[in-house]
Amino acid sequence: MTTARVRVRFAPSPTGDLHVGGARTALFNWLFARQHGGAFILRIEDTDQARLVGQSIAGIIEGLKWLGLEWDEGPDIGGPYGPYIQSQRLPLYREHARWLVEHGHAYYCFCTPERLERVRQEQRARGEPPGYDRHCRFLPPEEVEARLARGEPAVIRFKMPLEGVTTIVDLLRGEITYENRLLQDLVLLKSDGFPTYHLANVVDDHFMEISHILRAEEWIPSAPLHAQLYRAFGWEMPVLCHLPLILSPDGKGKLSKRHGATGVLEFKRLGYLPEAMINYLALLGWAYDAEREIFSREELIQLFRLEEVNPHPARFNFEKLLWMNQYYINHVLSVDEFARRCVPFLRDAGLVGPEADDPASPAFAYVREVVALVKDRAKLLSEVPDLTRFFFADVEDYDPELLLQRKVEPERVLQALDRVIATLRQANFADETDLEQRLRGLAEELGLKTGQLFMPIRVAVTGRTVSPGLFETLRVLGAERSLERLARAREKLAAYLAARASSATA
């Protein structure tokens, strides 16, 4: 590796959707590259063919793009160090595996899975840690050649030193030392010709001129092998930085699906904002100070320091993320931007058509008027269709009892609705002040508290006891729909009271 420029990579395996742990790793790589004017590379590590999941690559790319973590080189855009999908680089790995064998750093292993399992069982019975017993490490060269000539399946294993120590230096943890006699001769090239992670990532990181490796803490035990591989090839090893684990909210084990959403695209579908996700993920292991929690993407690029990441595991807090998402909806998004992001959720709920996608359309203008009324209440974009449904569709059926008020005779409520309809026919629905003055005046005239009058109106026009502000709701609904719903509510209540009276006299 000859470059002095910062070059980092995010190298997920396409075995499922992009997990929040992977997203945090990608984010820290991206921030580090951006603040140093370096390159952020996306590389797909698909050499474990047995664990591949269809469409995972597309899902990983979609998740990263949703978060806004654009890459400078990758499988979809190419670059000078491609290809960026490992299954397309197999000849390179095979060549280097053979080179290691030829230079005495690796060897062919013919042990069958059955023999390996038998050895492990015997080791467990003796109270020893299970592992490969190096059975094939000392086979005579002529026997190896003969067995290969016969076509016997074989893997290539690395020859770890049998004495001494291997020391790696981690940016967050300092020196970590391992006794070589306790380390395994791990497989580098499988019998199907595909490399393991250990060989592929070392070869790729060298030829892609990666300067810093930021990866999950779970790879620390593999680092001694990687260090020995770099030494065998005579290559300079990139700077290592193993990022802390993300734990479940209770701190008991890694975050998993049983704790809630873990895939980035799940959070997208639930209505989280990518800005909130980026902000929250940045704080999983890093903090600027003890107080500040809200950071724009540009501020994170400026302020983030990799060496300040806490190496201890970080707990994932769903409540904190939800609070942060609501903060961004309430305080960061403009009304226009909030409306634009709500449109897909409203469309999926069948409340608006494709015309609402056009910011210049009357349909979008109406969406903007509606969602502005719930912007201070919504925690998730996915909540908006339910919060606003009555603005787009007929009022859902409701219990007429909701129209009645404590300490107010039912007949008085019925009469009040008549007066409300008559009063609002004269009102200017475009003027919330006029609506408020007329209805407050009517309440005083009828000898009712404002709540005793306003609640039946609210139920009539929304079908609910909780909704955005009454006068704002009437303004957005407009005179025609508001008066029509009030008239329907008046009829509903009259029929209900008549049926109740008939039942009482039967």
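Figure 1. How many disulfides does the chain hold? The count comes to zero. A disulfide is a covalent bond between the sulfur atoms of two cysteines. Here a pair counts when the two cysteine sulfur atoms lie within 2.5 Å. Take Cys109. The closest cysteine sulfur to that of Cys109 is in Cys111, 3.9 Å away, which is too far for a bond. Is Cys109 buried or exposed? Cys109 counts as buried because its relative accessibility is 2%. Cys342 is buried too, at 0% relative accessibility.

The model is predicted: local features need pLDDT of at least 70, side-chain atom pairs count only at pLDDT 80 or more, and totals for chains, interfaces and linings use all residues. Residues are numbered from 1 along each chain as its sequence is written, and side-chain values use heavy atoms, with hydrogens and water left out.

**Figure 2. The whole chain, for orientation.** The chain has 18 helices and 11 strands. Both are DSSP runs, numbered from the N terminus: helices are H or I with at least four residues, strands are E with at least two. What is the radius of gyration of the chain? It is 33 Å, whereas a compact globule of 506 residues would have a value near 23 Å. This radius is taken over C-alpha atoms, and the globule rule is 2.2 Å times the number of residues to the power 0.38. Along the principal axes, the C-alpha atoms fill a box of roughly 105 × 55 × 40 Å. Buried residues make up 50% of the 506. Consider contacts between residues at least 6 apart in sequence: 74% of them join residues at least 24 apart. Contact means heavy atoms within 4.5 Å.

**Figure 3. Phe194 and its contacts.** Phe194 sits in the loop between strand 7 (187-189) and helix 6 (197-207). Phe194 counts as buried, at 14% relative accessibility. Which residues does Phe194 touch, not counting those up to four places away in sequence? They are Thr47, Gln49, Ser87, Leu90 and Leu189. Ile85 is 109 residues from Phe194 in sequence, and their C-alpha atoms are 13 Å apart in space.

**Figure 4. A cis peptide bond at Pro83.** Gly82 and Pro83 are joined by a cis peptide bond, with omega about 0°. Most peptide bonds are trans. Pro83 lies in the loop between helix 2 (56-67) and helix 3 (90-102).

**Figure 5. Gln123 in helix 4.** Helix 4 covers residues 113-125 and includes Gln123. Gln123 is buried, with a relative accessible area of 8%. Residues up to four places away in sequence are not counted here. Gln123 then touches Glu128, Pro129, Pro130, Gly131 and Asp133.

**Figure 6. Two residues with positive phi.** Most residues other than glycine have a negative phi. Glu209 has a positive phi of about 55°. Glu209 is in the loop between helix 6 and strand 8 (212-216). With a relative accessible area of 21%, Glu209 is partly exposed. Lys407 also has a positive phi, near 65°. Where is Lys407? Lys407 lies in the loop between helix 14 (384-392) and helix 15 (410-424). Lys407 is exposed, with a relative accessible area of 79%.

**Figure 7. Lys375, a buried lysine in a loop.** The loop between helix 13 (362-372) and helix 14 holds Lys375. Why does Lys375 count as buried? Its relative accessible area is 10%, and buried means under 20%. Leaving aside neighbours within four places in sequence, Lys375 is in contact with Ile329, Asn330, His331, Leu333, Ser334, Val335 and Phe338. One of these contacts, Ile329, is 46 residues from Lys375 in sequence. Their C-alpha atoms are 6.7 Å apart in space.

Figure 8. Is Ser296 buried or partly exposed? Ser296 counts as partly exposed, at 28% relative accessibility. Asn279 is 17 residues from Ser296 along the chain, and the C-alpha atoms of the two are separated by 7.2 Å.

Definitions and conventions. Buried < 20%, exposed > 50% of the residue type's maximum accessible area, 1.4 Å probe, protein only.
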